[in-house]
Amino acid sequence: MKDGAILHKKYTVLAVDDEVHALKLFKRSFRKEFDVLTTADPQEAIDIIANNGSSIAAVLCDQTMPKMKGIDVLKVVRDLSPDTVRIMITAFIDTNVLMECINDCEAYCYVLKPYDASELLQVLRQAILLREREIENKGIVNDLRDLLFGTIGAICEALDEKDKYTIGHSRRVTSYSLLIGTELGLNESQLQKLKLAGLLHDIG
């Protein structure tokens with residue numbers, strides 16, 4: 001990623017910090033390039049994410065706050081809006097917290113206070129550009145998957161038409177399999193594999 005990378009639109013970012021002066025500094029430093037939302041209340045930050053989802057491109061959250069630790073806020077953000085970039089801001093280096101931040105919160109990075117505004121701006125740019133690339137790649141993968149299932153479905157229907165007793169058989173097996181898989185608590189990836197197996201099971 002080039003250091004001088006420039007964003008092509010104005011994204012919305014959310015800063016969470018119990019120190020009001022830190023929020024004012026953040027807004028003053030970044031409002032030219034971003035639509036900046038700020039809050040000193042971790043629960044309000046969670047509500048903002050819950051209501052706006054991935055339209056919030058990034059959340060920058062202080063770790064040490066009286067009502068709720070930043071790491072707990074970022075975990076909720078990860079669950080509510082996985083595509084929102086998560087960045088931890090902390091004044092203290094705690095290896096355990098930092099490891100949890102990266103591994104459990106799946107944070108993009110952590111930034112030490114006091115931070116250099118120009119360096120943090122570049123971090124934000126790079127993080128959001130990476131996010132947009134990942135979202136675009138997900139879209140391509142989804143399109144290819146839909147094409148695959150559409151093609152397989154057409155083959156199944158063509159085979160079913162050869163025998164009146166098997167019309168719709170593959171689709172029925174697939175439908176029942178997905179219902180059972182959902183009841184068993186299979187994740188999305190497992191359900192997609194089950195769907196593929198259901199459609200293909202009679203083709204051989």
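Modeller: Let's take the terms one at a time, starting with some ground rules. This is a predicted model, where local features need pLDDT of at least 70, side-chain atom pairs count only at pLDDT 80 or more, and totals for chains, interfaces and linings use all residues. Residues are numbered from 1 along each chain as its sequence is written, and side-chain values use heavy atoms, with hydrogens and water left out.

Colleague: What makes strand β4 "mostly covered"?

Modeller: Buried means under 20% relative accessible area, exposed over 50%, partly exposed in between (1.4 Å probe, protein chains only). In β4, residues 85-90, six of six residues are buried. V85, I87 and I89 lie on one side, R86, M88 and T90 on the other. Side chains in a regular strand alternate between the two faces of the sheet.

Colleague: How do you know that β3 and β4 pair?

Modeller: Strands (E, at least two residues) and helices (H or I, at least four) are DSSP runs, numbered from the N terminus. Pairing takes at least two DSSP bridges between two strands. β3 (residues 56-62) and β4 have five, in the parallel sense, so they pair. One example is L60, whose bridge partner in β4 is I87.

Colleague: And why is the link between β3 and β4 called right-handed?

Modeller: The chain goes from β3 through helix α3 (residues 70-80) to β4. With the strands pointing away from you, the path from the first strand over the helix to the second runs clockwise, so it's called right-handed. β4, helix α4 (residues 95-103) and β5 also form a right-handed β-α-β unit.
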